[in-house]
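Biologist: I am new to looking at protein models. Could you show me how to read one, step by step?

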Amino acid sequence: MENLYDVLVIGGGMIGSAVARELSRYDLRIGVLEKNLDVCYETSGRNSAVVHGGFAYDTGSLKARLCVEGNRMMGDLAKELDFPFLRCGKVLVGNTKEDMETLKRTMEQGEANGAVGLELIDEERLHELVPAVVGKFAMFSSRSGILDPFQYTIALAENACENGVEYFFDSEVTGIGRDEEGNYHLATTQGEFACRWVVNAAGLGCKTISDMLGIEGYRVIGSKGDYIILDKRTGPLLPMPVYPVPSNTYMGIHVTNTIDGNVTIGPNADMVSDFRYYGVPQENMDYLAESASQLWPHIHKADYIRNYSGILPKWVDEQGVIQDFKIEIRDELAPRAVNLVGIESPGLTAAVPIARYAIEQMKEREELRENPAFNPCRKGIVRFESLSTEEQEKLIRENPDYGEVICRCEKVTRAELLQAIHNPLGVSTLVGIKYRTRSMMGRCQGGYCQMRLEQMIEEELGKKETEILYARQGSQVFFGKVREEA
Ligand SMILES: Cc1cc2nc3c(=O)[nH]c(=O)nc-3n(C[C@H](O)[C@H](O)[C@H](O)COP(=O)(O)OP(=O)(O)OC[C@H]3O[C@@H](n4cnc5c(N)ncnc54)[C@H](O)[C@@H]3O)c2cc1C
C-alpha cells in the first residue's frame, strides 16, 4: 500500500515524542499526528517540571520503576539533547510526629524502589539548604531536579524529526478502522493515514483513542492543578523545590524554582471532567498563595507575573482508586496497537523509560532492525543571556543579529528568534517561538517584544498579519486593518 507508515503515534507531547524518538533508532517509517499546532500545548507544557526521585510511588509499580530509571538517565539525556536540567535536590518539609512517621515511610518506600540520595535532615540542615523555609525537619532528595518542560519536549521532538520522523500538526485523529490485512486507517482532520502499528500517546485523549481502538472500559478522570508564576526577583531565594509532606495520592502545594530563575506556586488538585478549560480562578490563586506561604514566606502579589494550569489524566478503577500507568498491547482486541493510558505524574521524569518499555513490547511481537543513521544528539538554540561577556562578544562579531536584543526582560536576541522561527518542526505560532526562546516570558509578558516578534514572523515566513496565530487555530492576533492608509 502506498503511503503506509510502519508506525503512527497519536499525540506529540513528551510521551509521543519520546516514543517517536526512541522508535527512530529503528529502520521504520514513523509519523506523529498531533491535533494542536505544536508539541507542548497540553500537559507536557503545563506541569511542575520537577524530575522526581521515585520515592512517592508504590513499590513494584511501573510509576516507581520508570521514574527511578528516568531520574537516573536525565543528566545524560539533557547532554545528548541539549536541554536545560539542574539536579538541585528537593525537600519534603514536616513539623509534627505524624509528618515524621510519613516521611520515614516515604523514605523506606523510596529505598525499596531503588531511589538514591534520600536523607532525613534536621531543622538546622534544612535551613542551610533552603534558608527561608518554615519547618522543623525534612526528607532531602539530593537526586531530584528541575528542567524546562518546553525545551525538553521540543528537544525530543526535534531529535525524532532529525532522525526521519514526520510530524503532522493540526491533525486530530477522529476515527480508527482496520482493513483485512490488519493495517490501521486513521481518519484525521487532515485526511486519512494508514499504518501497520499505532501508538496511543494522546494524554488526556487516551480513553477516546483507546475506545476507538476497541479497547474499551477505561475510566479516566482529570485532576486540574493551577499555578502562579513569580518574578525572577524571587528565584535566588529558593535553591530547590519545597514540598509539604505528601499524602498517598497527592504531592501537595509546593514552591518550585524554575530552571530560568522564576518560582512557581501550586498545584491544587480539582477533579474535572472538562479537559479543555485551563482558566485559573482568583479564589484558587488566593488559596495557593495562602497555603504555600506556610512553607515559604516570600509570596507577595507584586511578584505575580502569570498563572497557568495543567490537567492530569488519572486512570481510576470502579471505586475511584488511582491506578498505575497502563502500557499494553492487547493482541486479542487491537493487535499492533500500543495503548498508553493514565500517563500522569511522574510522566515527565519517566518519558523515555515509558517509551522504551512500550517499544520492548513491540519487539516481543516483531523484529525491529536498527537504523544505522540514527543520531542521538541534537543542538538547541544557544541562550545568549547565559554566555560570558567574551562569548557574547565573539557571537556578535560572527553574527551581528546577536547584538540586537528583541525581548528585553529575558534578553533574547534577534539571532535566537530567527533560529526559532525557522525551527525544524515548522511551528510558526507566537507561543511556539516563546517556548523556544523565552521571549514574552518575562516580567512584561510580551508588552515590548510581541509586536516585533509578529513582524519577524511575517517577514521571515512570508505570512500576512492576519495569518499570525497566537497558539491554536482561530487565535488570530490581527483580524484586519483598523483603518486603510489614504
Ligand atoms: C499539574 C501537573 C503537574 C505535573 N508535574 C509533574 C512533575 O513535576 N514531574 C513529572 O514527572 N510529571 C509531572 N506531571 C506529569 C507530566 O506532565 C505528564 O505525565 C506528561 O506531560 C504527559 O505527557 P503526554 O505526552 O502523555 O501528554 P500531553 O502533553 O497532553 O500530550 C498528548 C498529546 O496528544 C494530543 N492529542 C490528544 N488527542 C488527540 C487526537 N485525537 N489526535 C491527535 N492528537 C491528540 C494532545 O494535543 C497532546 O499534545 C504533571 C502534570 C500536571 C498536569
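Modeller: Happy to! Keep in mind from the start that this is a predicted model.

Biologist: Understood. How many helices and strands are there in the chain?

Modeller: The chain has 12 helices and 22 strands. Its radius of gyration is 23 Å, close to the 23 Å that the globule rule gives for 486 residues, so the chain is as compact as a globular protein of that length. Along its principal axes, the C-alpha trace spans about 70 × 70 × 45 Å.

Biologist: Now the helices. At what angle do H1 and H5 pack?

Modeller: Helix H1 covers residues 14-23 and helix H5 covers residues 149-162; they pack at an angle of about 30 degrees, with their axes 8 Å apart. Angles under 35 degrees count as roughly parallel, and that makes H1 roughly parallel to H5. The crossing in which H1 passes H5 is left-handed.

Biologist: Which residues of H1 and H5 meet?

Modeller: From H1 come Met14, Ser17, Ala18, Ala20 and Arg21, and they meet Tyr152, Thr153, Leu156, Ala157, Asn159 and Ala160 in H5. Sorted by class, this contact of H1 with H5 has 7 nonpolar, 3 polar and 1 charged residues.

Biologist: How is H1 placed against H8?

Modeller: Helix H8 is residues 347-363, and the axes of H1 and H8 come within 8 Å, crossing at roughly 45 degrees. That makes H1 oblique to H8. This crossing is right-handed. On the H1 side, the residues that meet H8 include Ile15, Val19 and Leu23, while those of H8 include Leu348, Val352 and Ile359. The classes in the contact of H1 with H8 are 12 nonpolar, 1 polar and 2 charged residues.

Biologist: And what about H2 and H8: at what angle do they pack?

Modeller: Helix H2, residues 62-81, packs with H8 at an angle of about 110 degrees, and their axes are 7 Å apart. The range for roughly perpendicular is 65 to 115 degrees; H2 and H8 are therefore roughly perpendicular to each other. Among the residues making the contact are Leu66, Met73 and Leu77 of H2, along with Ala350, Pro353 and Tyr357 of H8. By class, the contact of H2 with H8 has 10 nonpolar, 3 polar and 1 charged residues.

Biologist: Let us turn to the ligand. How many residues surround it, and which are the closest?

Modeller: There are 41 residues around the ligand, and the closest are Gly11, Gly13, Gly203, Gly205 and Gly347. The elements giving two or more residues to this shell are H1, strand S18 (304-316) and H8. By class, the shell around the ligand divides into 18 nonpolar, 17 polar and 6 charged residues.

Biologist: I would like to look at the backbone too. Which peptide bonds are cis?

Modeller: Proline 267 sits in the loop between strand S16 (263-266) and strand S17 (270-272). Another cis bond runs from serine 345 to proline 346, with omega near 10 degrees. The loop that holds proline 346 lies between strand S20 (337-341) and H8.

Biologist: What phi does aspartate 170 have, and where is it placed?

Modeller: Aspartate 170 has a positive phi of about 55 degrees, although it is not a glycine. You will find aspartate 170 in the loop between strand S9 (166-168) and strand S10 (173-178).

Biologist: Let me recap. H1 is roughly parallel to H5, oblique to H8, and H2 is roughly perpendicular to H8.

Modeller: Well done! H1 and H8 also give residues to the shell around the ligand.

Key: Residues are numbered from 1 along each chain as its sequence is written. This is a predicted model: local features need pLDDT of at least 70, side-chain atom pairs count only at pLDDT 80 or more; totals for chains, interfaces and linings use all residues. Axes are lines fitted to C-alpha atoms, for helices over the stretch in contact, and angles run from 0 to 180 degrees between N-to-C directions. Helices (H or I, at least four residues) and strands (E, at least two) are DSSP runs, numbered from the N terminus. Angles under 35 degrees count as roughly parallel, over 145 as roughly antiparallel, 65 to 115 as roughly perpendicular and the rest as oblique. A crossing is left-handed if the near helix is turned anticlockwise from the far one by less than a right angle, and right-handed if clockwise. Two residues are in contact if their C-beta atoms, placed from the backbone, lie within 7 Å. Ala, Val, Leu, Ile, Met, Phe, Trp, Tyr, Cys and Pro count as nonpolar, Asp, Glu, Lys and Arg as charged, and the others, Gly among them, as polar. A residue is near a molecule or strand if its C-beta atom, placed from the backbone, lies within 6 Å of it. The radius of gyration is taken over C-alpha atoms; the globule rule is 2.2 Å times the number of residues to the power 0.38.
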